[in-house]
Amino acid sequence: MSWITTVPFESATGKLRRLYERIAGPGDNVDNIMMAHSLRPHTMEGHMALYKHVLHHSGNTVPKWVLELLGVWVSHLNGCAYCEDHHFAGMARLLGDPAQAEAIRAALRAGDPDAVPVAPDQQGALRYAQKLTQAPADMVEADVAALRAAGFDDGQILEINQVVSYFAYANRTVLGLGCSTEGDIIGLSPGNSEDPEDWSHR
């Protein structure tokens, strides 16, 4: 499931067991990206807090499916099939339109954010995400101004920025430790956005 030793749910004790119980899905399933932290539970705790607050928080006003879409795109650009598959499933579930979801997937895989069948402002967010992912040192104030001109307020621009930045971290966690989807339940995510402390994937 990864290139380093991991502790399975049934063998976990102490803080690790408590964290596993907080994040577990059906059948006490723990995603491999989280299990990869098991030798240093404090890093799992930090990862989950960042993930929940950036992507699944009631304070966000960009629709959650759009934030998931950005995660799928960034993961595709980084070559992280693990995160791309997990978050595409989550995005598709939230979107509730299988045909549109498949059309989105096809356009992303073709590498053309302007062909993604979403609103123009959302295409602009995809372009921002691409540049920040592929050429971060080339970012200029005009890139933020373009998002503002597309209709995003500055708080929403921060949300977009943080999702792109989170996936840079998550993708490198997966790719650098060799996490696979073997044994994972694809597409689970914390369902309760009202409580930032509720990390359950059930």
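**Helix packing and core**

Modeller: This is a predicted model. Helix 1 and helix 3 are roughly parallel to each other.

Biologist: What angle puts helix 1 and helix 3 in that class?

Modeller: Angles under 35 degrees count as roughly parallel. The axes of helix 1 and helix 3 lie 9 Å apart, and the angle between these helices is about 25°.

Biologist: Which residues of helix 3 meet helix 1, and how many residues of the contact are nonpolar?

Modeller: Helix 1 brings Lys15, Leu16, Leu19, Tyr20 and Ile23. Helix 3 answers with Pro41, His42, Met44, Glu45 and Met48. By class, this contact has two charged residues, one polar and, as the count asked for, seven nonpolar.

Biologist: Why are helix 7 and helix 8 described as roughly antiparallel?

Modeller: Angles over 145 degrees count as roughly antiparallel. Helix 7 (residues 120-134) and helix 8 (residues 141-150) pack with axes 9 Å apart, at an angle of about 165°. Helix 7 and helix 8 are therefore roughly antiparallel.

Biologist: Is the crossing of helix 7 and helix 8 left-handed or right-handed?

Modeller: In helix 7, Asp121, Gly124, Ala125, Tyr128 and Lys131 meet helix 8. Their partners in helix 8 are Asp143, Val144, Leu147 and Ala150. The crossing is left-handed.

Biologist: Which residues touch the most other members of the largest nonpolar core?

Modeller: That core has 55 residues. Beyond four places in sequence, Ile104 contacts residues including Trp65, Leu69 and Met91. The residues asked for are Tyr20 and Ile104.

Methods
Residues numbered from 1 in each chain as written. Predicted model: local features only at pLDDT ≥ 70, side-chain atom pairs only at ≥ 80, totals over all residues. Heavy atoms only, no water. Axes fitted to C-alpha atoms, helices over the stretch in contact; angles between N-to-C directions. Helix = DSSP H or I, 4+ residues; strand = E, 2+ residues; numbered from the N terminus. Parallel < 35°, antiparallel > 145°, perpendicular 65-115°, else oblique. Left-handed = near helix turned anticlockwise from the far one by under 90°. Contact = heavy atoms within 4.5 Å. Core = buried A, V, L, I, M, F, W, Y, C linked by side-chain atoms within 4.5 Å. Buried < 20%, exposed > 50% of the residue type's maximum accessible area, 1.4 Å probe, protein only. Nonpolar A, V, L, I, M, F, W, Y, C, P; charged D, E, K, R; others polar.
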